Amino acid sequence: MKTRPQSGLQIDGFTLGDKLHEGGFATIWEVTHPDHATPMVMKVPKILDGDDGPTIVGFEVEQMILPRLEGVHVPRVYGIGDFAVMPYVVTERIPGDSLLLRFRQAPFAISDLIELAARMADALHDLHSQQVIHLDLKPENVLQRPDGEMVLIDYGLSRNDRLPDLLAEEFTIPMGTFPYIAPEQYLGARNDPRSDIFALGAMIYQAATGKLPFGKPETLRRVRPRLWKDPVPPRALNPAIPEWLQEIILRALEVDPTRRYQTAGQIAFDLMHPAQVKVTARGLKLVQDNWRVVWHRWRQMRGIKRFAAPASVQSQIAKAPILLVAVDLSPEMEALADLLRDNVQRMLVTEPDIRVACVNVIKTSRITIDSGLDEAGQHLHVARLVGLRHWSDGIALGDERLTFSVLENTDPAAAIIDYARHNNVDHILMGARGHSTTRRYLGSVSAQVVAEAHCSVTVIRRRSSPAPMPG
Amino acid sequence: MTRFAILTDIHANREALTAVLNDVAQRRAERIVILGDVVGYGPDPEWCTDKVRALVEAGARLVLGNHDAALTDPAADLNITARRAINWTRPRLDAAQTEFLTRQPLKLREDDLLFVHASAHDSADWIYVTSAARAMPSFRVSDARVIFCGHVHVPQLYSHDMSGRVREQRVIAGAGFPLIRSRRWLAVVGSVGQPRDGRPLAGWALYDSVLNELTYCRVPYDTAATVAKLRAAGLPESLAMRLHAGA
């Protein structure tokens with residue numbers, strides 16, 4: 001590295017302004033460029049003039065991974081600097097501080113906490129959908145856009161499944177941030193997206209209690225006890241935390257990755273459907289496991305070298321999809337609803353970790369101004385919920401993986417599309433009524449959903465016998 | 001010049017070369033560089049030589065491979081199957097075709113790219129690059145940022161980092177890989193006409209010098225047709241089996 005960053009330096013069209021931050025491994029500068037009006041920052045590694053392996057490789061990794069990411073949950077890249085002159089990455093500047101400062105105010109009010117956690121889970125799901133595992137999630141690596149969306153930064157320890165892992169080949173010691181590092185990551189694994197789920201669980205724990213689930217280990221050796229020692233239950237630290245939320249947090253913090261949430265999308269889904277989270281002993285407990293249980297776990301875990309990792313990030317996400325089934329409960333559609341259920345049952349065979357969100361839409365009148373439910377509306381809502389549950393009889397799926405929602409909207413297709421987008425739905429299954437002239441001119445709900453949904457849509461239609469030829 | 005198609009080890013396989021050239025056109029490569037071994041092993045040396053010559057006349061570049069060199073070097077160091085195949089090939093090519101294949105250079109340099117058939121170090125010794133240790137000498141003799149070679153018939157990728165260590169990188173077919181500028185790179189391109197990595201698909205590589213991305217491409221071709229011709233020509237049966245298995 002021949003050039004050093006300083007205010008006023010010009011490089012590849014960028015002009016450096018003030019130094020905004022100086023961390024252990026990099027400095028962050030405000031930069032401008034005549035071609036880009038957006039506020040931008042430049043990150044320059046503090047590579048010492050010696051053999052500074054981890055910093056160099058970490059920066060190489062970030063230069064490889066960051067430009068390939070897209071969407072609102074990652075910073076947009078504007079420039080990459082050559083190592084021969086001065087290595088750097090220029091990204092858009094997200095206003096405001098990282099969550100590090102905000103987390104000092106934890107515990108948060110429950111409603112704020114749910115919002116924060118769900119947004120972080122959404123951002124993480126988006127990252128995993130791009131086949132990238134972050135591997136260093138912590139409050140200081142999360143920023144929030146003015147519109148509320150979370151942005152995950154710092155990809156120096158990350159891994160893209162479609163690119164070589166420069167860090168894995170280089171270093172045999174586990175890397176990560178001790179308070180948040182997952183057990184399998186501590187054991188050296190870098191290929192399991194569920195490691196990020198664990199770190200997310202640790203962050204939600206911290207936001208909910210103001211404490212770190214495993215304290216602040218100073219050495220790698222002190223990370224190891226999380227393989228057998230369970231954290232203090234969040235509700236013992238903050239009684240305001242509901243059982244269902246503790247259930248979510250402790251499930252994300254399970255030692256064995258297969259017992260955790262399998263995707264971040266499923267955490268977000270549960271945070272948005274608290275009434276339907278199935279509370280187990282995990283959610284109810286108020287004290288840590290007794291010494292016998294811990295001792296038993298220690299015996300199991302003391303020799304463990306690794307946990308089984310999924311084949312790829314993509315396969316892990318595909319293995320635990322969220323399926324939205326839009327069910328029409330009107331009496332004349334009963335046969336179609338039965339057909340829909342048969343199709344769901346068939347999908348359960350090939351997708352054992354699937355979650356099914358059963359949705360029914362009440363079409364409200366455009367003229368009604370207030371959306372508060374009147375007596376009759378309330379009844380209708382409950383009746384539809386009961387109807388949905390009845391429809392689902394025979395779908396062999398545990399309660400916790402089957403949810404029921406009744407939506408209200410003047411536009412049923414818009415309601416379904418919107419629900420799918422906000423709940424990380426991977427696949428929509430719905431029925432289509434038969435052919436009719438009116439529908440051909442006015443357009444059908446299913447046609448609109450197929451055209452506008454962000455995910456796959458399967459439309460089920462009953463086979464109709466051909467109309468007799470005229471004449 | 002931005003998009004280079006790098007082809008190597010065509011080995012007189014007409015069907016594979018045709019499939020690759022179609023793929024090259026579809027992926028809009030602007031330049032073609034062929035890393036040698038146009039003939040040897042396969043049943044269509046005349047057609048492949050003429051095709052490559054037409055490409056070179058249209059601006060493609062070609063380097064010499066060991067099978068091409070063996071056309072005029074009876075003492076060439078070849079294994080028994082390769083020797084039988086080259087003896088079969090020799091009388092099929094006319095003087096102009098032979099002259100065209102054998103007059104090519106051992107190495108080509110274009111900006112920060114180096115093209116060579118085998119290891120860049122002692123390129124006339126035809127050393128196989130099959131490990132990080134075997135890749136090291138190429139980095140030592142050349143200051144090119146990216147070295148492309150063939151000869152091995154198995155796609156591989158090696159990086160040479162700032163502290164001089166050479167590492168083998170995982171190759172994922174079809175995924176664009178950024179050849180980050182903090183390292184130098186040695187790309188072993190898979191064979192067009194005789195793949196040996198267990199997949200009977202023709203191989204080539206696309207390098208985009210603006211995006212600085214390398215993509216290893218694989219294309220299916222009509223192996224049955226090539227195998228039928230091989231057998232009809234009386235070439236060794238092991239060559240036919242090899243095309244079927246891609247190994």
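**View 1. The interface of chain B and chain A.** Buried area is the accessible area (1.4 Å probe) that two parts lose on being put together, summed over both. In this predicted model, chain B and chain A bury about 1,600 Å² between them. Carbon and sulfur atoms carry 50% of that area. On chain B, 19 residues are in contact with 17 residues of chain A; contact means heavy atoms within 4.5 Å.

View 2. Chain B and chain A share 2 salt bridges. A salt bridge puts a side-chain nitrogen of Lys or Arg within 4 Å of a carboxyl oxygen of Asp or Glu. Glu60(A) and Arg183(B) form a salt bridge, with their closest N and O atoms 2.8 Å apart.

**View 3. The side of chain B that touches chain A.** Strands β8 (166–169) and β9 (177–178) of chain B each supply at least two residues of this side. The largest share, 3 residues, comes from β8(B). Strands (E, at least two residues) and helices (H or I, at least four) are DSSP runs, numbered from the N terminus.

**View 4. An open sheet in chain A.** Here 5 strands run in the order β13-β12-β11-β14-β15, with parallel pairing. Two strands pair if DSSP finds at least two bridges between them. β13 (402–409) and β15 (456–461) of chain A stand at the edges with a single partner strand each, so one side of each lacks a neighbour in the sheet. Within the sheet, β11 (322–326) and β12 (355–363) of chain A pair over 5 bridges. Leu323(A) has Val356(A) as its bridge partner in β12(A).

**View 5. Helices on the sheet.** Helix α13 (334–350) of chain A lies across β11, β12, β14 (427–432) and β15 of chain A. Helix α17 (445–452) of chain A touches β14 and β15 of chain A. α13(A) runs at about 155° to β14(A). Axes are lines fitted to C-alpha atoms, for helices over the stretch in contact, and angles run from 0 to 180 degrees between N-to-C directions.

**Notes.** Residues are numbered from 1 along each chain as its sequence is written, and chains are lettered from A and ligands numbered from 1 in the order in which they are written. Local features need pLDDT of at least 70, side-chain atom pairs count only at pLDDT 80 or more, and totals for chains, interfaces and linings use all residues, while side-chain values use heavy atoms, leaving out hydrogens and water.
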